[in-house]
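I opened this entry to keep track of what I looked up, one topic at a time.

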Amino acid sequence: MSDSLSAPEPARPAPGDPHPGESVRRTRAKGEPRFPDGPRADPAGSHFERRIRSFQPRRSRVTAGQAEALQRLWAKWGLDIDGHNVDLAELFGNDHPVVLEIGFGMGEATAQMAAADPGTNILAVDVHTPGQGNLLNLADRGGLTNIRVGNGDAIILLREMLPPDSLAGLRVYFPDPWPKKRHHKRRLIQPEFLSLAATRLRPGALVHCATDWEPYAEQMLEVLTAHPDFANTRADGGFAPRPGFRPLTRFEGQGLDKGHVVSDLLFRRVQHEGRRDH
């Protein structure tokens with residue numbers, strides 16, 4: 001092969017630059033943002049939220065690749081949840097149905113679902129900075145233009161930013177179970193949360209929850225069954241088999257190997273005859 005057709009030599013990192021996969025740690029000046037062109041540390045500010053939070057932001061151990069994705073792709077595919085109205089058709093550049101996923105970990109399952117269903121947009125929300133960077137990387141590498149990554153509190157997104165009937169589905173996979181009794185009030189799936197979500201879900205929208213914490217699964221089933229705006233897709237009123245569109249993650253597989261029981265719940269948003277839901 002002639003020199004003109006030879007592949008260019010890969011660029012070598014400059015002395016002191018992190019290698020791919022290496023955590024990014026450096027001293028920043030006071031007040032300097034961690035990712036100047038990436039997600040903001042507190043997009044909504046405390047004035048939008050007074051409730052007990054069901055999450056804790058985690059911003060450590062960001063690799064060089066994740067940091068690069070946050071810097072390069074956030075303006076294109078990121079959304080800071082800051083309380084301002086969002087137009088989903090404008091955000092995604094089309095009018096395809098939008099599913100909200102709350103809590104996506106490192107994003108592998110989200111990317112798989114987006115690749116398998118390109119006609120559905122996924123707005124994936126989390127506060128885990130490494131996961132945000134990893135999902136952006138996965139979307140970029142896979143050419144997945146139907147993913148947007150939200151940074152911040154999903155409650156603020158639902159309450160302040162989305163119009164009624166704007167969502168075709170809601171996914172909550174393996175949320176923090178808050179196992180201690182005194183922390184149960186921090187669990188996401190509560191009657192108040194479902195009432196809020198119902199105002200943003202169009203009739204017929206699918207709510208899909210999954211957990212490997214059996215007491216939380218029982219609570220989810222009880223709360224969803226009792227809520228007048230949702231109906232179980234199972235005729236027996238119980239848990240559902242894992243649907244084919246939800247990938248089996250590596251961590252879930254490890255849990256199953258250890259004897260963990262994973263429960264899926266599939267409920268539909270119902271329209272009540274004779275009254276307006278909003």
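Strands here are DSSP runs of E, at least two residues long, numbered from the N terminus. The model is predicted.

**Entry 1: R148**

I started in strand 4, residues 147–151, which holds R148. Is R148 buried or exposed? I found R148 buried, and without a salt bridge. I then looked for the nearest side chain of opposite charge. That is D140, 11 Å away.

What does the R148 side chain reach instead? I noted the backbone oxygen of L91, at 2.9 Å. I also listed the contacts of R148, leaving out residues up to four places away in sequence: K76, W77, L91, F92, I122, L123 and A124.

**Entry 2: the nonpolar cores**

Next I turned to the largest nonpolar core, which has 40 residues. Which of them touch the most other members? I wrote down L100, L123, L157, L170, I189 and F193. Helix 5, residues 154–161, gives this core its largest share, six residues.

Beyond residues up to four places away in sequence, L157 touches L79, I81, V86, L100, L123, V125 and L162.

**Entry 3: I102**

I moved to strand 2, residues 98–102, where I102 is found. Why does I102 count as buried? I read its relative accessibility as 12%, and buried means under 20%.

I checked I102 against L170. The two are 68 residues apart along the chain, yet their C-alpha atoms are separated by 7.8 Å. L170 is in the contact list of I102, together with V125, A154, R171, V172, Y173, L188 and F193. That list again leaves out residues up to four places away in sequence.

**Entry 4: helix 8**

I finished with helix 8, residues 250–257. Which of its residues are buried? I found E252, G253 and G255. Seen down the axis of helix 8, these buried residues fall within an arc of 160°, so they line one face. The face turned away from that buried side carries R250, F251 and D257, which are exposed.

I looked at both ends. At the start of helix 8, a side-chain oxygen of T249 comes to within 3.1 Å of the backbone nitrogen of E252. Just after helix 8, G259 has a positive phi of about 95°.

Technical notes:
Residues numbered from 1 in each chain as written. Predicted model: local features only at pLDDT ≥ 70, side-chain atom pairs only at ≥ 80, totals over all residues. Heavy atoms only, no water. Core = buried A, V, L, I, M, F, W, Y, C linked by side-chain atoms within 4.5 Å. Buried < 20%, exposed > 50% of the residue type's maximum accessible area, 1.4 Å probe, protein only. Helix = DSSP H or I, 4+ residues; strand = E, 2+ residues; numbered from the N terminus. Contact = heavy atoms within 4.5 Å. Lys, Arg positive; Asp, Glu negative; His and termini not counted. Salt bridge = Lys/Arg side-chain N within 4 Å of Asp/Glu carboxyl O. Polar contact = N/O pair within 3.5 Å; in protein donor to acceptor, adjacent residues only side chain to side chain. Arc of directions from axis to C-beta.
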